[in-house]
Amino acid sequence: MMQNQGQNHQNMHTGSVPPHLNHGGHELFDVREVLTGTISTLNSFMLLRQHVQDPELLGILDRQCQFIQDEYNITLDCFKSGQDPAQPTQSYKMNQGNDFVYGLTPTSPTKPVQNVSEMTDASVSSCMLGSLKASASAKTMAALETTNPVVRRVLADSVPNCIEMAYELSLYQNKHHYYQVPQLAEQDVQQMLNAYAPASGSGPQMPNGGMAH
């Protein structure tokens with residue numbers, strides 16, 4: 001966790017800025033969106049839980065829900081205080097392996113459900129995955145607009161966790177054939193892989209032959 005002790009933030013009109021007010025305008029709006037979005041994710045997970053049939057998916061949902069709640073509290077803590085939160089950030093560890101099965105098999109077309117009784121593990125996991133993808137984007141955008149160094153670091157630390165949770169769900173879906181992954185022909189893959197070459201040289205050179213600083 002990045003420390004903010006010893007820093008002296010100034011407002012050009014009012015002077016020294018206390019830690020709890022050490023936030024820019026864009027930061028306030030964007031972090032508010034992150035916190036509101038996280039609440040929506042937690043509420044969605046709570047509503048989806050009753051429709052889960054697979055114990056494995058239920059375990060993923062409960063584990064992710066607890067982690068997201070803890071991360072929400074950490075973010076809220078440093079956002080309100082402007083200083084290091086009482087609890088440090090953590091890294092999410094998924095239980096899935098990371099082996100994807102590639103290729104497509106015929107399936108029925110997907111369409112919106114017309115009744116909650118039609119909710120399946122496929123639709124539940126898809127809703128969860130969509131929430132996490134949206135959260136990763138929102139936190140990335142907020143971190144890029146955040147001036148408070150602690151809040152910025154907490155948001156930045158949170159993005160890989162969203163990615164990891166989303167990856168866990170995509171692996172779960174792939175294993176159960178809810179999410180099929182197409183693959184290009186081998187010759188097309190090779191052409192794409194070989195489309196770029198490593199950069200060479202020792203960096204930008206000044207006109208007189210010196211290195212740029």
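## Report on a predicted helical chain

With a relative accessibility of 7%, T41 counts as buried, because the limit for that class is under 20%. The model described here is predicted. T41 belongs to helix α1. Apart from neighbours within four places in sequence, T41 is in contact with I68 and S131. A further relation concerns T41 and S135: these two residues are 94 residues apart in sequence, yet their C-alpha atoms are 8.3 Å apart in space.

### The chain as a whole

The chain has five helices and two strands. Read from the N terminus on, its elements follow the order β-β-α-α-α-α-α. The chain holds 213 residues, and buried residues make up 32% of them. Its accessible surface comes to about 13800 Å², and carbon and sulfur atoms account for 55% of that area. When contacts between residues at least 6 apart in sequence are considered, 78% of them join residues at least 24 apart.

### Helix packing

Two packed helices are described by the angle between their axes and the distance between the axes. The table gives these values for two pairs.

| Helix pair | Axes come within | Crossing angle |
|---|---|---|
| α3 and α4 | 8 Å | roughly 160° |
| α2 and α4 | 11 Å | roughly 170° |

The crossing angle of α2 and α4 is roughly 170°, and α2 is therefore roughly antiparallel to α4. α3 and α4 are likewise roughly antiparallel to each other, because their angle of roughly 160° is over 145 degrees.

Which residues of α2 and α4 meet? On the side of α2 they include L57, I60, Q64, F67, I68 and F79. On the side of α4 they include V151, V154, L155, M165, L169 and Y172.

In soluble globular proteins, nonpolar side chains tend to be buried together. In this model the largest nonpolar core has 22 residues, and L57, V124, M128 and L169 touch the most other members. Four helices each supply at least two residues of this core, namely α1 (25-49), α2 (55-81), α3 (121-145) and α4 (149-175). The largest share, six residues, comes from α2.

What does L169 touch, not counting residues up to four places away in sequence? Its partners are L57, I60, Q64, S125, M128, L129 and L132. L57, I60 and Q64 are also listed among the α2 residues that meet α4, and L169 among the α4 residues that meet α2.

There is also a second, separate core of 13 residues, which includes V31, F79, V151 and V154. Among the residues where α2 and α4 meet are F79 from α2, and V151 and V154 from α4.

### An exposed loop residue

Most residues other than glycine have a negative phi. H177 is not a glycine, yet its phi is positive, at about 65°. H177 is placed in the loop between α4 and α5 (186-193). Is H177 buried or exposed? Its relative accessible area is 54%, so H177 is exposed, the limit being over 50%.

How values were computed: Residues are numbered from 1 along each chain as its sequence is written. This is a predicted model: local features need pLDDT of at least 70, side-chain atom pairs count only at pLDDT 80 or more; totals for chains, interfaces and linings use all residues. Side-chain values use heavy atoms; hydrogens and water are left out. A nonpolar core is a set of buried Ala, Val, Leu, Ile, Met, Phe, Trp, Tyr and Cys residues joined through side-chain atoms within 4.5 Å. Buried means under 20% relative accessible area, exposed over 50%, partly exposed in between (1.4 Å probe, protein chains only). Contact means heavy atoms within 4.5 Å. Accessible areas come from the Shrake-Rupley method with a 1.4 Å probe; for residues, only the protein chains shown count as cover. Axes are lines fitted to C-alpha atoms, for helices over the stretch in contact, and angles run from 0 to 180 degrees between N-to-C directions. Angles under 35 degrees count as roughly parallel, over 145 as roughly antiparallel, 65 to 115 as roughly perpendicular and the rest as oblique.
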